[in-house]
Amino acid sequence: MIPGTFDYHRPATVEDAVGLLSRLGEEANILAGGHSLIPLMKTRLASPEHLVDLSGIGNLKGISVEGGDVIIGAMTTQHELINSDELARHLPIIAETSRLIADPQIRYKGTFGGNVANGDPGNDMPALMMCLGASYSVTGPDGSREIAARDFYQGAYFTSLEHGEILTAVRIPIPSPDHGYAYEKLKRKVGDYATAAAAVVITMEGGKCTSASIGLTNVSETPLWASEAASMLVGTSLDKASVDAAVAAAEAITEPASDMRGPAEYRTKMAGVMMRRALERAQSRAKG
Amino acid sequence: MNDQTKIDQDRAERTEKLQGMGCKRKRVEDVRFTQGKGSYVDDLKLPGMLFGDFVRSPHAHARIKSIDTSRAKALPGVVAVLTAADLKPLGLHYMPTLAGDVQAVLAEEKVLFQNQEVAFVIAEDRYIASDATELVDVEYEALPCIVDPFKSMDADAPILREDIQDKMEGAHGPRKHPNHIFEWTIGDKEATDAVFANADVTIKEMLVDHRTHPSPLETCQSVASFDKVKGELTLWGTFQAPHVIRTVVSLISGLPEHKIHVIAPDIGGGFGNKVGAYAGYVCSVVGSIVLGVPVKWVEDRMENLSTTSFARDYHMTTELAATKDGKIQAMRVHVLADHGAFDACADPSKWPAGFMNICTGSYDIPTAHLAVDGVYTNKASGGVAYRCSFRVTEAVFAIERAVELLADKLGMDAAELRIKNFIKPEQFPYKSALGWEYDSGDYHTAMKKAMDTIGYKELREEQAQKREAFKRGETREIMGIGISFFTEIVGAGPAKNCDILGIAMFDSAEIRIHPTGSVIARMGTKSQGQGHETTYAQIIATEIGIPADDIMIEEGNTDTAPYGLGTYGSRSTPVAGAATAVAARKIKAKAQMIAAHMLEVHEGDLEWDVDRFRVKGLPEKFKTMKEIAWAAYNAPPPNMEPGLEAVNYYEPPNMTYPFGAYFCVMDIDVDTGVAKTRRFYALDDCGTRINPMIIEGQVHGGLTEAFACAMGQEIRYDEHGNVMGASFMDFFLPTAVETPNWETDFTVTPSPHHPIGAKGVGESPHVGGVPCFSNAVNDAYAFLGAGHIQMPHDAWRLWTVGQKLGLHT
Ligand SMILES: Cc1cc2nc3c(=O)[nH]c(=O)nc-3n(C[C@H](O)[C@H](O)[C@H](O)COP(=O)(O)OP(=O)(O)OC[C@H]3O[C@@H](n4cnc5c(N)ncnc54)[C@H](O)[C@@H]3O)c2cc1C
């Protein structure tokens, strides 16, 4: 639980940070809130020689609305997500999810950007971002680009970010004001990553589901977007048979690891149970 | 107001001021603990101090082909690297265990469990030490390993302990196999077998009390400082039993005991984990002796969970025989005990299976037999009493699960079956079939109070309705009612059957009254958070009438405290608490003589009144304890030694037997396996209650650890002997969020042989709690025909139960 030696850098601008990262090369790592990276360093699963801390960069923080999108700066803390009026108005599922991340101390330090950029399938925000159709704004030595959350996750701790690129903000389209939502997470205790979790956003009209999106957390190498399962629900009244079929389709794309949270079979089934419960709650919240 | 009321009121005020026994005195140690001002081993910083860290084995079982320390030694800041080759000439590559075995300090030819200590790096700081451990090159040849204790004694099992391979006589008799440690039996086998052969009804079940870990928040640590000029060693460490550590260090190092100063400062929880001696202690001592500067060793969380003493790992084949109307006639138990790679169980020397023979519980079972086989496996060693007296949690788990299984088989209510078989109040002192003499108890009263308070009958009715609703598909929740009625055995113990390394398990107190009437008292025990500084002072306050706030309690420094065997097995109050009362009474007796002299009356003409001696019939003629203290130093009676102090070494005539009735109401979501504790009611009888607030705190803590053990906490190994989940990410340490709400209650049945009638309470809630939770879970699924469900009852395992029962279609 003792990390190796490293140098610490605290640039003041994104440009400086990008410059430092390309100059220092592969042995340099970005430090945000540190609550995923530092545990890895303490167990020496990661031994970066340089840490480039983003906390000195002013304009990476904050939540704003731009047209039909909410923009969240990468260094916004998970705690700030819970207390944002903008999010409460447009995307209450983000606060609901944040409350299920770790514990208050960690959320004071842990950032939204770190949570989505980390690439750990256990993080809760990535599946939610896939569910919401978010896109990530990224700046690197070759300029800036946008990456869809649904294209971002390649494997455990393996994302579309190139070395030297910084995730600066996340852009999330605002769903219809009538949408129903829920994030259901099964965990062993406070501060635990999900055994399985599901993010659900739906719209209903005249008792029929008009749109659905489902994200699944920690039941594969990457967060999952259960697009097929979701499309099976559209046009139905979310009757038992339709939900059963969609749950089966969602379970079919899971590939969880067996670990101390339980064997793979259990975690697959829990993804289904969480999805079912999230759907029920989302339906009860949907207007129309 | 008449005179008598005035006198009564005055007496009540004086009593109140003492803050003595029975009072909810606030914990004096909390002033520093709640402000972060405790002083722990890791707070110690000495000039020139170096830091040690271990190179550990990645393998569960492997031969060490070579160790090359040259790269590590070349790292700037590294001062030394110790291996078994360095310790061997000193005879220190092995150390004795409390169980009569030896344990490798640094592995010599083989490693026997994952994370076993292989080399000790000493460097200028903690970071360099850790870096250097990665530079020690160890070549291993992996060997087949034993994880399942049931395979330890197979004919073709790999031999684990080559160092004792030919020693077929162990510390506790003959060994049946090179991987066998001992067989321990007690009771009348023939008679027991005969009862079983003719019984109306029998039950038999393999009950597993799985491997877990005490996991105190502060890990194990030490600082050793050897003064080469004086030839003296000072050793600060996380020691539940500092004097025993001093004796052990003297015996293994050859240093004379008076030149060893062992100091246990504040300790952040022990729960049995800090009873034994560990490689880190020895290596810090050797490092300091060799280098002549202080050496610190601090275990990290993963090292603590995966290497220093585990608890439990008892596989108990448990049988009961009964008449058809539910009178239990006999009990038969066989235990397969997994002790890991070395037998480092912390029990009194003659008790290789602890007090497992308390397993007949609170019941009048006339005939019983118990056999325990200890075996080696490729796991960390230990087998400590995790918040319980020696193997008592295991024993109580066995009997309390077994009576439920019997009730099930008989179709009888589990509470009714218990009451039917309780030892009756008039049977105390009660001699059990497995050799104990229970000092006192009133089980019927406690059980009735508990059942009335919890509303047992109504709960069973609610459960019956819920079961019907579940069968009709109206709910996916099932309800369980857990019961546990436990009898603990604590306060080890009488010299005739209890010793540690040959030292009888007495304990001690030394009390000194200063001329101005304030007090310092020292005990041979050592608090790890139990509140000794508060409660011992309350005993003294009541005994000699000096306010508790004027009494300082000190423990943990072997130079100043009288010799004692330490704190574990709920022995502080039963043993050192008794010593405290007896020492205080010696002081009181001398004080009476002084008072008689001062008042110019005969001693027999005096009577004690809260904080003073007064002349019988002349209440206005008195001397307070404070005045007497001054006189003791100023004008003692002729021919009397001046001063006012006393020491007592107390050898208890018997153990004490706290008991309790616990009830748990649980709701389980069959679709996820998540269990929610709706209510938990704990009635404890620990005899005389010294501080009701501290008792309640102890009960809360013990129940929380019981909840943890029953509901998810475990140290698990995969088939290659890799230890799984040895960090707080996986190891279940409940937070305030998961922890149920506790309802506490009590009855008082004082111990007849203890000077103040107290029995000890720190561990009862753990001992009683574990089976209560497990019984609730088992009870919830019983109507579905689940059979016995093994612990731990975490969500996935309970889901698996539902899966097997076909509940998830
Ligand atoms: C006990 C505990 C429990 C936890 N439980 C949960 C949980 O239940 N759910 C959950 O989702 N999380 C959980 N976490 C993780 C926590 O939410 C982290 O804060 C989060 O995963 C990472 O955010 P951070 O700001 O701390 O990032 P850091 O740890 O600083 O960084 C994480 C990784 O992301 C990279 N990174 C960070 N920011 C950027 C950026 N702007 N651009 C590019 N790369 C970047 C870093 O280089 C690093 O590789 C837990 C953590 C702990 C310690």
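Guide: Look for Lys449(B), which lies over the face of Phe746(B), 5.5 Å from the ring centre. A charge counts as sitting over a ring if NZ of Lys or CZ of Arg is within 6 Å of the ring centre and within 35 degrees of the ring normal. Keep in mind that this is a predicted model, where local features need pLDDT of at least 70 and side-chain atom pairs count only at pLDDT 80 or more, while totals for chains, interfaces and linings use all residues. Residues are numbered from 1 along each chain as its sequence is written, chains are lettered from A and ligands numbered from 1 in the order in which they are written, and side-chain values use heavy atoms, with hydrogens and water left out.

Chain A has a charge over a ring too: the charged end of Arg150(A) sits over the ring of Trp225(A), 3.7 Å from its centre.

Now for rings with rings. Rings of Phe, Tyr and Trp (its six-membered ring) pair if their centres lie within 6.5 Å; planes under 30 degrees apart are stacked, over 60 edge-to-face, and the rest tilted. That gives 38 aromatic pairs over all chains. Take Phe152(A) and Tyr153(A): their ring centres are 4.9 Å apart and their planes at 80 degrees, so this pair is edge-to-face. Both Phe152(A) and Tyr153(A) are buried (buried is under 20% relative accessible area, exposed over 50%, partly exposed in between, with a 1.4 Å probe and protein chains only). Over in chain B, ring pairs link up a whole cluster: Phe486(B), Tyr662(B), Phe680(B), Phe707(B), Phe732(B), Trp742(B) and Phe773(B).

Back to charges. Side chains of opposite charge can pair when their charged atoms come close. We call it a salt bridge when a side-chain nitrogen of Lys or Arg is within 4 Å of a carboxyl oxygen of Asp or Glu, and the structure holds 83 of them over all chains.

Lys448(B) and Asp452(B) make one of these, at 2.7 Å from N to O. Both lie in helix 12 (residues 443-454) of chain B, four residues apart, about one turn of the helix. (Helices, H or I with at least four residues, and strands, E with at least two, are DSSP runs numbered from the N terminus.) Lys448(B) and Asp452(B) are both exposed. Elsewhere in chain B, salt bridges that share partners join Asp10(B), Arg11(B), Arg14(B), Glu607(B), Asp609(B), Asp611(B), Arg612(B) and Arg614(B) into one network.

In Arg171(A) and Glu66(A), the closest N and O atoms are 3.4 Å apart. Arg171(A) is in strand 10 of chain A and Glu66(A) in strand 4 (residues 63-66), so the pair ties together parts that are 105 residues apart in sequence. Arg171(A) is partly exposed, at 27% relative accessibility, and so is Glu66(A), at 45%.

Finally, follow the charges between chains. Contact (heavy atoms within 4.5 Å) brings 25 residues of chain A together with 27 residues of chain B. Four salt bridges cross this interface. Asp669(B) and Arg277(A) meet in a salt bridge with N and O 2.9 Å apart. On the side of chain A that touches chain B, helix 12 (residues 264-285) of chain A gives the most, with seven residues.
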